[in-house]
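Please read the following account alongside the sequence and the model.

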Amino acid sequence: MSKSLIPDPIAQGLASGWSHLDASTLTQDRDFDTDVVIIGTGAGGALAAELLSKAGLRVLMVEHGAFYSSSDFRQQERWAYPNLYQDGAGRKTKDQAIGILQGRTVGGSTTVNWTTSIRTPKGALAYWHEQFGVDFADELTPYFDKACERLSISEWALTPNANNGLIQRGCEKLGWSYTIIHRNVNGCANTGYCGMGCPINAKQSMLVTTIPTALSHGATLISRAQAWQLQWQGDAVSGLLVHPVDAQFQPNPAIAIRIKAKHYVLAGGAINSPALLLRSNVPNPSGRLGKHTYLHPSVICGALFDEDVKGAMGAPQSVYSDQFVWPSDPQAMGFKLEAAPVHPVLMASKLAVDGQAHADLMAQFNQLAVTIALLRDGYHVEAQGGQVELDSHGQPMLDYPLTEYFWRGVRQAYLAMAELQFAAGAKAVMPIHQQAQLYSSLDEAKAAINALPLERYQATVASAHVMGGCNFSADPANGVVRPDGRHHQLANLSVLDGSVLPTSLGANPQLTIYGLTWRNTELLIEQLRKA
Amino acid sequence: MNRRQFIKTGLALGTAAALGVTLYPVVTAESSTEPAAQGPARTVLLALVPALLFGALPKDTHAAQQQIAATVDAALAFLPYLPQRQQHDLQQLFVMLDTELLRLALAGHLTPLADLPVAARLALLHGWRDSFIALLNQAYSGLRELLYGSYYGNPEHWAPIAYQPLEFRSYE
Ligand SMILES: Cc1cc2nc3c(=O)[nH]c(=O)nc-3n(C[C@H](O)[C@H](O)[C@H](O)COP(=O)(O)OP(=O)(O)OC[C@H]3O[C@@H](n4cnc5c(N)ncnc54)[C@H](O)[C@@H]3O)c2cc1C
Ligand code: SF4
């Protein structure tokens, strides 16, 4: 297909005169002055940018990643990971036990996410009310409705691909609950490349929705620029220091971009937002800044089928099961069951075996299905999440301990995934763990899983849902920001992204972040008008 | 890992400290993008790829050599995207493995990595995987991910796995 056949709204917008600066081209310092500066252009930042610029405010967006669009995207992981993901998709927890996928590009993680859209589960809302004094139970509903309309979120109407179909089939056999996923897509061709940037702009990510609107309403975007530090005095932020980044997205401290704004919105996402506040040494009387960062740490189970699965193709996620996510036993860690797209780099790098065994599995690439269990962290004393620290370069590291409670949940999750996969007709299953093998019956799998040593490094653990670190709370002693996103101590600073969540969700986070950001940006607009 | 290996590894880490090779991030201007810093990295990766990819590499020696070289090039090109902290940690690992004294202590012999039979190189990697020392577990997992990612990222290596991606335009 030739380039010209696919319209690129970003290329068209830039040609029409959008205000965009690629900071990596700067050779000297620059100063900017604006009403609102927004750090990060993901789910939270870009939606805030659209609403604020439509309200007539002068908006400046600062984004660490590049302004890539469908004309740049390649359906190759070797291009997508280094160019669109934090740390080239090589982000790890401090002890390297968990791999973390997070976007780093205009549109943030929404540019590379898998389009699953779920409203905040009742269990999470109830817990926030009880523990953090914040009652969002009914209040977010109208904002979810707005977000669903804005981003074309609706139930996926096509037949799930085989990788997702197995979840549906297995659940039906076992009498487990399952749900057909709602996706934020418009004209999706079922290609399966959501994680590498949608090649046809069907995914309604921030890149093709709110960012174009903000730019068309006069906002400015500075890409390839890492916001480094907020300057503050007393109870107010007085400026923002930003550094351009180089071709590999490493900051260049020799050049400064100084930004003065009336209001500062931090939306770098979990890990990154708290890191900027830690670098800025802002007041932190609750002691919670950077702490309680949640991951939905996820474990994986592969399954071999006789027939082709071709898990790379088709909508990456279209069915999930919540059978185990809110267990009645308070000592059990809940987990959500989903599928993950099977592309070669993701697959090959996560498989826990090597040498001939690795080659043998890869040879059956198209017959391999992949199920993941996302463990719901943040609801138990032994699941208090991780802590963001700064390394000697000022970059974040997440120290995330894996506890006995977590490993008990992992064993249950492996057992459930194996049962599901066999029920769906798998001929063999294999938890992705260094000591696991292919098991050809459920009994064999159960015995082996019950005997597996569950320890860090042995089990492959990954995350694509980073939450928390700047949690909201009614009481300043219990959080970093207020329920409306305003910082408890610094009056002209808001945090509008996934870092404000006080627990994980037990559901994929994007729609929660859209709903919450929509509500809080409307409140902010009102507050700024009054001021 | 048995007790003997454990003690040897402990020795290696002790030696590293004695030689001033810290195992924690140090801030220097050096970066793995510089050709000088690529020396040890290239040597070590060239030695490890044939072991990890045993079974995946083509039987034809020339073709295999080409794939090994392409994989190491891709891995080296990827490293500068990692945070500087991780780059330094890896760099130190490469230097350690390329340093004879440490190789003796770590691997138990003085033969350069590249002269060991492939099975022995894989055994060395498994020693790290099964070690009680977190740093070695990390080295194993980190190198495994880097090298498998670099190998299977290359469209020229997709024929045996029958992965046929759609291309929306020509890329190069
Ligand atoms: C591969 C993948 C698949 C996913 N699939 C789903 C899914 O199917 N459904 C779902 O609900 N969720 C999914 N998620 C998660 C979801 O996309 C995120 O939870 C959500 O986008 C987070 O929004 P955010 O605003 O907090 O941050 P992000 O969307 O991550 O955006 C933050 C942005 O800020 C930028 N930034 C950070 N720090 C700075 C700084 N200092 N200066 C300048 N810029 C900075 C980053 O580069 C990034 O672009 C997925 C994520 C990934 C990575
Ligand atoms: S499946 Fe393909 S077309 Fe559909 S949203 Fe994802 S990348 Fe775009």
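The charged end of A:Lys336 lies over the ring of A:Tyr320, at 3.4 Å from the ring centre. A charge sits over a ring here if NZ of Lys or CZ of Arg is within 6 Å of the ring centre and within 35 degrees of the ring normal. A:Arg279 is placed over the face of A:Trp228, 4.1 Å from the centre of that ring.

The model is predicted: local features need pLDDT of at least 70, side-chain atom pairs count only at pLDDT 80 or more, and totals for chains, interfaces and linings use all residues. Residues are numbered from 1 along each chain as its sequence is written, chains are lettered from A and ligands numbered from 1 in the order in which they are written, and side-chain values use heavy atoms, with hydrogens and water left out.

Next come the contacts between aromatic rings. Rings of Phe, Tyr and Trp (its six-membered ring) pair if their centres lie within 6.5 Å; planes under 30 degrees apart count as stacked, over 60 as edge-to-face and the rest as tilted. Under this rule there are 14 aromatic pairs over all chains. In one of them, A:Phe136 and A:Phe472, the ring centres are 5.4 Å apart and the planes stand at 80°, so the pair is edge-to-face. This pair links distant parts of the chain, 336 residues apart: A:Phe136 is in the loop between α4 (122-132) and α5 (141-150) of chain A, and A:Phe472 is in the loop between β22 (467-468) and β23 (493-495) of chain A. Helices (H or I, at least four residues) and strands (E, at least two) are DSSP runs, numbered from the N terminus.

A:Phe136 is buried at 1% relative accessibility, and A:Phe472 is buried with a relative accessible area of 1%. The rings of A:Phe406 and A:Trp407 have centres 4.9 Å apart and planes at 65°, so they too form an edge-to-face pair. A:Phe406 is buried at 4% relative accessible area, and A:Trp407 is buried at 6%. Elsewhere in chain A, one aromatic cluster is formed by A:Tyr68, A:Phe73 and A:Trp79.

Turning to ligand 2, 13 residues surround it, and the closest are A:Cys188, A:Thr191, A:Gly192, A:Cys194 and A:Cys198. A residue counts as near a molecule if one of its heavy atoms lies within 4 Å of it. The shell divides into 8 nonpolar, 3 polar and 2 charged residues. In this division Ala, Val, Leu, Ile, Met, Phe, Trp, Tyr, Cys and Pro are nonpolar, Asp, Glu, Lys and Arg are charged, and the others, Gly among them, are polar.

In a regular strand the side chains alternate between the two faces of the sheet. Strand β20 (residues 428-431) of chain A is covered on both faces: A:Ala428 and A:Met430 on one side, and A:Val429 and A:Pro431 on the other, are all buried. Strand β14 (residues 298-304) of chain A pairs with β20(A) in the antiparallel sense over 4 bridges; two strands pair if DSSP finds at least two bridges between them. A:Gly302 has A:Met430 as its bridge partner in β20(A).

Side chains of opposite charge can pair when their charged atoms come close. B:Glu145 is partly exposed at 21% relative accessibility, whereas A:Lys92 is buried at 13%.

Within chain A, A:Glu522 forms a salt bridge with A:Lys146, the closest N and O atoms being 2.9 Å apart. A:Glu522 is in helix α13 (residues 510-530) of chain A and A:Lys146 in helix α5 of chain A, so the pair ties together parts 376 residues apart in sequence. A:Glu522 is partly exposed at 27%, and A:Lys146 is partly exposed at 31%. A:Asp29, A:Asp31 and A:Arg258 are linked in a network of salt bridges.

Chain B has 7 helices and 0 strands. Of its 172 residues, 49% count as buried.

How values were computed
Buried < 20%, exposed > 50% of the residue type's maximum accessible area, 1.4 Å probe, protein only. Salt bridge = Lys/Arg side-chain N within 4 Å of Asp/Glu carboxyl O.
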